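Hi everyone, thanks for making time. I'd like to walk you through a structure that's new to the group, so let's bring it up on the screen.

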Amino acid sequence: YKAMLFYLEEQPQLINELLKGLTNKIDFSKTVSVMRKTGYLPIITPWLKSVQTQNNASTNEAINQIYLENEDYESLRESVTAYENFDQLALAQQTERHKIVEFRRISAFLYRKHQKYQKSIALSKQDNMFRDAIETAQESQDTEIVEDILRFFVQQKDKEFFTVALYTCYDLIRPDVVLELAWRFGLIDNSIPYFVQVLRDLTHRVETVQKKHEDREKKEEKQAQQQMNQPLDIGEIAMMLPGLNQLQMLMPPPGAMPNTLPGMNVMQGNYGVGQQNMGGGVYSQMGGNNQMFGNTSNYQGPF
């Protein structure tokens with residue numbers, strides 16, 4: 001740093017060469033602080049530009065200050081857009097009352113980056129930078145801010161920017177608000193393109209919902225048809241018919257016909273399976289259900 005001061009006194013035209021050679025060895029913040037104290041900060045502008053790619057806060061603020069003092073708004077706009085590591089609100093406050101409108105636009109731009117949309121829009125309205133105001137409202141994604149912009153254009157009787165706002169902020173505007181403003185202030189013709197697009201979007205949404213509903217119905221119908229055509233196995237039949245398990249228990253195994261079946265009370269006599277010949281009648285008892293068929297008048301049994 002002593003070498004910097006020496007070069008500044010003896011060979012100021014070579015100080016940028018010195019700094020470029022010492023870039024990897026010096027602290028940027030301290031270098032800027034030393035040069036600012038000497039009052040010759042602008043003399044190292046070439047070196048500041050060469051190291052700005054490192055996005056150091058001190059170098060960014062120093063070079064932005066140089067651009068502001070030189071009223072070089074184009075370079076300042078490029079700098080604040082590409083390198084964001086600096087006190088943006090402080091610079092916005094410095095430039096919002098600048099005599100040159102482009103610096104005030106930079107101020108509105110910085111407020112917008114910090115989501116101070118109302119402040120940014122107010123500056124843009126003040127300078128009749130309506131396109132900047134519309135872009136800021138659109139970026140805010142706030143319906144109330146957008147509709148305030150529409151009402152402002154209605155009050156200013158600016159049909160052109162009213163139409164531009166409808167196009168730019170289409171997704172954020174409520175159709176009933178547009179219809180009311182258009183009807184009250186004679187802006188129907190300017191609003192027709194907006195309403196055409198609204199109707200087109202509504203039609204597309206209805207068609208999309210209808211198509212999804214039809215596809216779902218077709219899918220459900222196909223699944224139902226497949227289930228009807230699919231054969232049922234014995235397990236599924238047993239679940240559907242709970243009494244089938246009892247019936248299977250009553251049935252003899254294949255090739256066998258026992259004299260008695262579970263649940264049957266067989267009395268002595270000459271009769272078939274599950275049947276009793278009693279006085280010319282047939283008595284059948286199965287599973288506890290008693291039935292008498294034929295002539296039972298001569299039967300003197302316990303029943």
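So, where is N56 found? N56 sits in the loop between α4, residues 45-51, and α5, residues 57-69. Before we go on, do keep in mind that this is a predicted model.

Let's stay with N56 for a moment. Its relative accessible area is 21%, so N56 counts as partly exposed. If you leave out the neighbours within four places in sequence, N56 is in contact with F28, S29 and N85. The side chain of N56 also reaches the backbone nitrogen of S58, at 2.9 Å. And take a look at F86: it's 30 residues from N56 in sequence, yet the two C-alpha atoms are 8.1 Å apart in space.

Okay, zooming out. The protein chain has 303 residues, and 32% of them count as buried. You'll find 16 helices and three strands in there. How about contacts along the chain? Taking those between residues at least 6 apart in sequence, 46% join residues at least 24 apart.

Now for a residue in α4 itself, T45. Is T45 buried or exposed? T45 is buried, as its relative accessible area is 12%, and buried means under 20%. Setting aside neighbours within four places in sequence, T45 touches N16 and I66.

Next, a pair of helices. In general, two packed helices are described by the angle between their axes and the distance between the axes. Our pair is α7, residues 88-95, and α8, residues 101-113: their axes come within 8 Å and cross at roughly 150°. Angles over 145 degrees count as roughly antiparallel, so that's how α7 and α8 run relative to each other. The crossing of the two is left-handed. Which residues meet there? From α7 we have Q88, L89, L91, A92, Q93 and T95, and from α8 we have F103, R104, S107, L110, Y111 and K113.

Which of its residues are buried? They're F161, F162, V164, A165 and L166. Those buried residues pack against four helices, namely α10 (130-140), α11 (143-155), α13 (175-184) and α14 (188-229). At the start of α12, a side-chain oxygen of D158 comes to within 3.4 Å of the backbone nitrogen of E160.

A182 counts as buried, because its relative accessibility is 0%. Not counting residues up to four places away in sequence, A182 touches L187, I188 and S191. V154 is 28 residues away from A182 along the chain, and their C-alpha atoms are separated by 9.0 Å.

Last stop, backbone angles. Most residues other than glycine have a negative phi. Here are two with a positive value. Q115, in the loop between α8 and α9, has a phi near 65°. N128, in the loop between α9 and α10, has a phi near 60°. Buried or exposed, then, for Q115? Q115 counts as exposed, because its relative accessibility is 58%. N128 is exposed too, with a relative accessible area of 54%.

Terms used:
Residues are numbered from 1 along each chain as its sequence is written. This is a predicted model: local features need pLDDT of at least 70, side-chain atom pairs count only at pLDDT 80 or more; totals for chains, interfaces and linings use all residues. Side-chain values use heavy atoms; hydrogens and water are left out. Buried means under 20% relative accessible area, exposed over 50%, partly exposed in between (1.4 Å probe, protein chains only). Contact means heavy atoms within 4.5 Å. A polar contact is a pair of N or O atoms within 3.5 Å; within protein, one must be able to donate a hydrogen and the other to accept it, and residues adjacent in sequence count only if both atoms are side-chain atoms. Axes are lines fitted to C-alpha atoms, for helices over the stretch in contact, and angles run from 0 to 180 degrees between N-to-C directions. Angles under 35 degrees count as roughly parallel, over 145 as roughly antiparallel, 65 to 115 as roughly perpendicular and the rest as oblique. A crossing is left-handed if the near helix is turned anticlockwise from the far one by less than a right angle, and right-handed if clockwise.
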